[in-house]
Amino acid sequence: MTAEQFRDLIAPITGGIHGKALDGRLEAELNAAYPADGAAFYDIFEACKQAIAAGWMCNREAGGIRFGRVIKPGDATHGFSVDVVDMKDVKGPHHRHPKGEVDMIMPIDAAAQFDGSGAGWKVYGPDSAHHPTVTGGRALVLYLLPQGAIEFTK
């Protein structure tokens, strides 16, 4: 799995959400179109695991969280950046989503949840903020950020 192949896996999703409101309706749409037990979700999850094993994804670490920006925002991903984090029973740094955030939650451990949600999609609207938190074990979370916009708070 190369970074280019990974980008090609993500591009249909970013193309489908580009220009849509980041809200509960989009969350439901993503969970219907790309369910956690579906082929596309599985392919992205497997690609993440392969890329982490290869060392080019989640290649930084701080506070018990492995992370990294995989794709900068650009035309190929319809203006979205792609970040992936690897978290296990940890509360991450507080941050704000000026333009919103779309999360793909991929539990490594069956009981793992991200911000109270199991496998699937979670959408935060513009100007939302949180401490990203994984409980119940280990999970990978893929973040799509419009124009890569994120503001870490103190």
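In which sense do strand β4 and β10 pair, and over how many bridges? Strand β4 (residues 95–97) and β10 pair in the antiparallel sense over 2 bridges. The model is predicted: local features need pLDDT of at least 70, side-chain atom pairs count only at pLDDT 80 or more, and totals for chains, interfaces and linings use all residues. Residues are numbered from 1 along each chain as its sequence is written, and side-chain values use heavy atoms, with hydrogens and water left out.

**Figure 1. The open sheet has the strand order β8-β4-β10.** This sheet of 3 strands shows antiparallel pairing; two strands pair if DSSP finds at least two bridges between them. Strands (E, at least two residues) and helices (H or I, at least four) are DSSP runs, numbered from the N terminus. The edge strands, each pairing on one side only, are β8 (128–130) and β10 (151–152). Arg 96 stands opposite Glu 151 in β10.

**Figure 2. Strand β7 pairs with strand β5.** The pairing of β5 (residues 101–107) with β7 is antiparallel and runs over 5 bridges. Val 102 stands opposite Val 123 in β7. Because 5 of the 5 residues of β7 (residues 120–124) are buried, the strand is largely enclosed by the rest of the structure. Buried means under 20% relative accessible area, exposed over 50%, and partly exposed in between (1.4 Å probe, protein chains only).

Figure 3. Phe 41, Ile 44, Phe 45, Ala 47, Cys 48, Ala 51 and Ile 52 of α3 are buried. The buried residues of α3 pack against α1, β2, β3, β5, β7 and β9. Gly 55, with a positive phi near 95°, follows the helix.

**Figure 4. The largest nonpolar core has 30 residues.** A nonpolar core is a set of buried Ala, Val, Leu, Ile, Met, Phe, Trp, Tyr and Cys residues joined through side-chain atoms within 4.5 Å. Among the residues with the most contacts inside this core are Phe 6, Leu 30, Met 57 and Leu 144. Helix α3 gives the most to the core, with 7 residues. Leaving aside neighbours within four places in sequence, Met 57 is in contact (heavy atoms within 4.5 Å) with Phe 6, Cys 48, Ala 51, Ile 52, Arg 66, Val 70 and Val 84. A second, separate core of 12 residues includes Ile 65, Val 85, Ile 105 and Tyr 124.

**Figure 5. Cys 48 and Cys 58 form no disulfide.** A disulfide is a pair of cysteine sulfur atoms within 2.5 Å, and the count by this rule is 0. The sulfur of Cys 48 is 7.4 Å from the closest cysteine sulfur, in Cys 58, which is too far for a bond. Cys 48 counts as buried at 0% relative accessibility, and Cys 58 is buried with a relative accessible area of 2%.
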